[in-house]
Amino acid sequence: MKLLGLHHITAIAADPKGNVDFYTRVLGLRFVKKSVNQDDPGTYHLYYGDNTGSPGTALTFFPWIGMRRGRPGQGQAYATGFSIAAGSLEFWRERLARLKIETGPLETRFNDQVLPVFDGDGLRLDLVFTAEPDARTPAPSADVPAKHGIRGFHSATLALASPGATIALLTETMGYRLAGESGDRARYTVATGGPGTYVDILTDQSLPRGLNGAGTVHHIAFRVADDAAQFAAHTEIERRGLGISPVIDRAYFKSIYYREPGGVLFEIATDQPGFTFDESVETLGTTLSLPPRLEPHRAEIEAALPPLT
Ligand code: ZN
């Protein structure tokens, strides 16, 4: 299997407007796509990332209005890590304090400082201040200078009580390899390694069993270059005896889905065609984008969605 790292991460939110404000204004990501949940077109699917929503930068949300809060814990993708330059800790500490954003205690993890931040629904984001090379360019932002900006994902942390079967899947089938261990955290990487590839396995037995809901991750997606690599991955997952979906065309990428043995929903998504499939780089996120099969229903879909400016 030829995975290239993390592709996108999708989480659940309860308030579309608050979600847009937090990710664009507070974190300085670009709002790259306003679309609908293709399996539930009465609700939005919102995407944030770098200037084009490049694979490895796109954090996306299903904002179900009024959705009850979930409980972060075991059996979930517990935290989403963002890669930020090592010297930017004070910028973010000052900024988040001034904006009265909830943060957790600063941690040292491997060689990096990590500041946990929580969005309005309680979703945990780890700002990872790292000296590891990361050449990705942050989204242009009026509020966050480029040198302090989020460069994309650093890692996804899976909280698992008994991670053996998940680690076997990652290392025997998905091409991941151990990059380091520290306390109750083991870090795995794939392909060229570095920020944007890491999957951390956290075996913190004090965490409760996770419950899905607002403020929790719905699934994490891994990158493949093209359809051929995705087909090969599909074959390998099937060979391992896991149930896997057929290829689903999501317009911006093609996807296959399977649940790993620890309970986290995994997806493998193609890098192509990307978010400029139906909008120019300049106008990304400015109109409601619908996949071609839903376009005939645009009027009724737009009428049912809450306004979002
Ligand atoms: Zn997805």
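What volume does the largest pocket have?

Mentor: The model before us is predicted, and the largest pocket in it has a volume of about 200 Å³. Its lining is made up of 16 residues, and those that lie nearest the centre are Asp39, His45, Phe62, Arg250 and Tyr257. Strands E1 (6-13), E2 (30-37), E3 (40-49) and E13 each give two or more residues to this lining. The largest share comes from E2, which supplies three residues. Sorted by class, the lining of the largest pocket holds five nonpolar, eight polar and three charged residues.

The zinc ion is coordinated by His8 through NE2, by His219 through NE2 and by Glu267 through OE, at 2.0 Å. Along the chain, these donors follow the spacing H-x210-H-x47-E. Because His219 lies in strand E13 (residues 217-224) and Glu267 in strand E16 (residues 265-270), this pair ties together parts that are 48 residues apart in sequence. Both His219 and Glu267 are buried.

How is empty space found at all? Rolling a probe the size of a water molecule over the atoms shows where such space is left. In this model the count comes to two cavities of 30 Å³ or more.

The largest cavity has a volume of about 40 Å³. Around this cavity are Leu27, Gly28, Leu29, Pro138, Ala139, Ser141, Val144, Gly149 and Ile150. Six residues of that lining are nonpolar and three are polar, while none is charged.

The second largest cavity holds about 30 Å³ of space. Its lining consists of Pro72, Gln76, Ala77, Tyr78, Gly122, Leu123, Arg124, Gly215, Thr216 and Val217. Strand E5 (residues 76-85) gives the most to this lining, with three residues. By class, the lining of the second largest cavity divides into five nonpolar residues, four polar residues and one charged residue.

The buried residues of helix H2 (residues 89-98) are Leu89, Phe91, Trp92, Arg95 and Leu96. They cover an arc of only 160 degrees around the axis, and therefore they lie on the same side of H2. The buried residues of H2 pack against helix H1 (16-26), E5, strand E7 (112-118) and strand E8 (124-130). On the face of H2 turned away from its buried side are the exposed residues Glu90 and Ala97. Just after H2, Lys100 takes a positive phi of about 55 degrees.

Thr166 lies in helix H3 (residues 164-173). Thr166 counts as buried because its relative accessibility is 0%, and buried means under 20%. When its neighbours within four places in sequence are left aside, Thr166 is in contact with Leu158, Leu160, Ile201, Glu260, Pro261 and Gly262.

Conventions:
Residues numbered from 1 in each chain as written. Predicted model: local features only at pLDDT ≥ 70, side-chain atom pairs only at ≥ 80, totals over all residues. Heavy atoms only, no water. 1 Å grid on protein atoms, 1.4 Å probe; cavity = no way out; pocket = protein on both sides within 12 Å on 5 of 7 lines; lining within 4 Å. Points joined across faces, edges and corners; volume = space filled by probe spheres on them. Nonpolar A, V, L, I, M, F, W, Y, C, P; charged D, E, K, R; others polar. Helix = DSSP H or I, 4+ residues; strand = E, 2+ residues; numbered from the N terminus. Donors = N, O, S within 2.8 Å, 3.2 Å for Na, K, Ca; no water. Buried < 20%, exposed > 50% of the residue type's maximum accessible area, 1.4 Å probe, protein only. Arc of directions from axis to C-beta. Contact = heavy atoms within 4.5 Å.
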